[in-house]
Amino acid sequence: MSEYTEHSEEDFNTEGQEVGTVTHVDGMYEGWFLDYASYVILERAVPDIHDGLKPVQRRILHSLKEMDDGRYNKVANVIGNTMKYHPHGDASIGDALVNMGQKDLLIDMQGNWGNILTGDRAAAPRYIESRLSKFALEVVFNPKITEWIPTYDGRTKEPVTLPVKFPLLLVQGVEGIAVGLSTKIMPHNFVELIDASISILRGRGMRVYPDFPTGGIADFSQYNDGQRGGKVKVRARIEQVDAKQLKITEVPFATTTSSLIDSIIKANEKGKIKIKKIEDNTAEFVEILIHLPAGVSPDKTIDALYAFSDCEISISPNACIIKEDKPYFMSVSDILKQSTAHTLDLLKAELEILLAEQQALWHFASLERIFIENKIYRDIEECESWEAVIEAIGVGLKPHIKHLKDPVTEEDIVRLTEIKIKRISKFDLDKANQNLKKIEDTIAELTHKLANLVDYAVDYFKGLKKKYKEGRARKTEIRTFETIVASKVAIRNQKLYLNKEEGFIGTSLRKDEFVCECSDIDNVIVFRNDGKMMITRVAAKTFVGKGVIHLAVFKKNDLRTTYNLIYRDGKQGNTYMKRFPVKSITRDKEYDLTAGNKGSKILHFTANPNGEAERVSVTLKSQAKTKKLKFDVDFAELAIKGRASKGNLVSKHAVSKVELKAKGVSTLAAQKIWFDDTVQRLNLEARGELLGEFAGEDKILTISQSGSYQLLAFDLSTHFPEDMIVIEKFAPKKPISSIYWDGHKSKFYVKRFLVEFSDKKVNFISESEGSYLEVVSTDLLPLAEIEFSKERNKEQRPNEKINFDEFIAIKGLKAQGNILTPHKVKSINLLDALDPVVEELPVQEDSDDDEQSQITLDF
């Protein structure tokens, strides 16, 4: 071990002999490293819980306050002034100042401060200006309750923490990397934090979730209250413009339009998605246009963008703060509670200081009135020394000061002697009494606030909300995300080939038989004529065995694809038939679909994506001891069972061949489909609202608040409009009834029409500016109630009910409709619809049925 010896005067005795101590390098390293780590944690990277600021941020704000004269200051000057307090160079100060300015809360900016959406940097410090915002001036500073310490060079003083009366740490968010730990607290909504603080003050509490300045959509189901181990999924907001174009209007937090576009281009180059071109039209707002080639599904592309690009990212929170000079890991709820309690303490301290000042003011004002009103100043005319003057005034005041709350000090008497003759000569007793009364009222008010401190704090927060809430509505939509399976949305960028002779499959066997297109993350299912089945991942070249009779991309948990087969059990055994799906199995494991006897062979096989059941002709060998050597077998009569089932007997005799006689139709029932409003997706697992049973060409009808409808397929990957207000199974004979406001004619119109088939979004209200949809219904006989506005000098018009069916006939899609009313409308509300009238027909005399026949309305 290397050693280091340090000498000093104490290291030598009187004879000059060395008696020093030895310090090992590892011990020195340990001490120095701990000092360095502590310094970085406390002085650079992690914010203090009391004011929510890192040291550099605190010093910038203090410097701005020091320079504040109401006008803008060059950022270069602010940086220079801050260097008196911060010893780490101008670059760190400049970056921190720009970062604080871009959060648009504490600093008013002038000039090019960069763009958080595009990632563009701010202009040079000499070109941009800043000053403290009104919010910062009101909330952050109060020198009377600020604790001060000397700066690093001892020339001046700086605040230990600023008296911030607001949960600044949570509204701004923070990210920092120290030695051995890091912190990541995401920004939260200004208004929601105020509401949560008020709720905490009232003893209720409230959970808050992050709100990102870039907007987007976020899933906070695993947020874990901002603690370590939590996770937040954030997505870009993607809209479908038409069948060939998507538009991104909001980007995930911690990304920019540039980084997002780069990730999309990389995904396209890797073949994960397929796009034609991408345009960035971002200015004040995000607008990224993605053009799709013909034949590419917009819905699957949206899912693929979330799966393979930065359109969806995961953020891991880690709330770490400094408290009492030590780092602590805390939940966001605890941080908010402590911040609220600290605000309460600061408000109390401010009130106590104001009360003490008012009481001191009242004390001296009372002394001044006594001194002048009782002409005590005349008692000092014959005094020859200063001590005699002080004593004379004290004696003169004594009979009149019994009502004072504080004793009269020599300092008070000295102040009385400093009153100018001009003020004594113009003394007005009434005004003096009024001034005292005013001070007493202020004291009473402050005393009341201190006695009702929580109510005062609530009013304080409400005042902040009223003054500064404009433009601070939530930007990030809270939603629960569905899980996107990458293999289901990946573009098929590879071609799969089969070499039957050698038993190989893969994407590199281009000279062999082409099977299908696939993606490089797909699994494929293989069936062989010996009754073996296996699933394996797509690769360049994989051996699966000779005798392949079916090869296809495998869909996990697919209950509709049904496999029909007839097999011989062993070399001379019975022949069986079976139908089964393949849901999920172990990859690269062989499964036997026969009874397991050696020599078994598949005689007939079909893969049916929708559960089709064919009819086949079975021919027995001529030596079979039976009269009927040929007969038909219908798979529709066979129940679908598991793949491990033995199957039903076809014949005990040897089978010569099996031939397809007729293609089958689906034997599966229509699919029940539900809509889960939480994740805005369709599903088969009975989550949410049942839309109905779907098969074939059935469609889903959606109606949007914008006054348009759209017919969509019942594909589970379908994305729905964000302003959707109606979703149901489409019934062609059901009319849509609506009331809309025509912006050009300034009137409400009633309209009923049948949906026309179209694969595009169809607008059904006026396209003039200011038009909007008021109410819409797909009921057969809807009702609405109109509430009228009261006209001046006229009686209130009673509410009116309208029956859409009686009010207007069903017309064409492009019809304008009928005017609702000439009177001014206050509100329109839908009522419960009427039940359709059922007509009863008389019983036919020759009918054998005792019950009456009925006509029902079938949609």
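This is a predicted model: local features need pLDDT of at least 70, side-chain atom pairs count only at pLDDT 80 or more; totals for chains, interfaces and linings use all residues.
The axes of α10 and helix α15 (residues 453-468) lie 10 Å apart, at an angle of about 105°. Angles of 65 to 115 degrees count as roughly perpendicular, and α10 and α15 are therefore roughly perpendicular to each other.

The crossing in which α3 passes α4 is right-handed. On the α3 side, the residues involved are Val-75, Val-78, Ile-79 and Thr-82, and they meet Asp-90, Ile-93, Gly-94 and Leu-97 of α4. Five nonpolar, two polar and one charged residues make up the contact of α3 with α4.

The report now turns to the nonpolar cores. The largest nonpolar core has 90 residues, of which Leu-61, Leu-106, Phe-135, Phe-166, Phe-190 and Leu-464 touch the most other members. Helix α10 (residues 332-373) gives the most to this core, contributing 14 residues. Apart from this core lies another, of 23 residues, including Ile-264, Ile-273, Leu-292 and Ala-304. In soluble globular proteins, nonpolar side chains tend to be buried together.

The surroundings of Leu-106 can be described in detail. With neighbours within four places in sequence left aside, Leu-106 is in contact with Leu-61, Met-100, Arg-131, Leu-132, Ser-133, Phe-135, Ala-136, Val-140, Leu-168 and Gln-172. Among these contacts, Leu-61 and Phe-135 are also listed with Leu-106 as residues that touch the most other members of the largest core.

Two loop residues remain to be described. Lys-375 is not a glycine, yet has a positive phi; Ala-686 likewise has a positive phi without being a glycine. The loop holding Lys-375 lies between α10 and α11 (386-397), whereas Ala-686 is found in the loop between β36 (681-683) and β37 (689-694). Lys-375 is partly exposed, and Ala-686 also counts as partly exposed.

| Residue | Phi | Relative accessible area |
|---|---|---|
| Lys-375 | about 50° | 39% |
| Ala-686 | about 60° | 48% |

How values were computed. Residues are numbered from 1 along each chain as its sequence is written. Side-chain values use heavy atoms; hydrogens and water are left out. A crossing is left-handed if the near helix is turned anticlockwise from the far one by less than a right angle, and right-handed if clockwise. Helices (H or I, at least four residues) and strands (E, at least two) are DSSP runs, numbered from the N terminus. Contact means heavy atoms within 4.5 Å. Ala, Val, Leu, Ile, Met, Phe, Trp, Tyr, Cys and Pro count as nonpolar, Asp, Glu, Lys and Arg as charged, and the others, Gly among them, as polar. A nonpolar core is a set of buried Ala, Val, Leu, Ile, Met, Phe, Trp, Tyr and Cys residues joined through side-chain atoms within 4.5 Å. Buried means under 20% relative accessible area, exposed over 50%, partly exposed in between (1.4 Å probe, protein chains only). Axes are lines fitted to C-alpha atoms, for helices over the stretch in contact, and angles run from 0 to 180 degrees between N-to-C directions. Angles under 35 degrees count as roughly parallel, over 145 as roughly antiparallel, 65 to 115 as roughly perpendicular and the rest as oblique.
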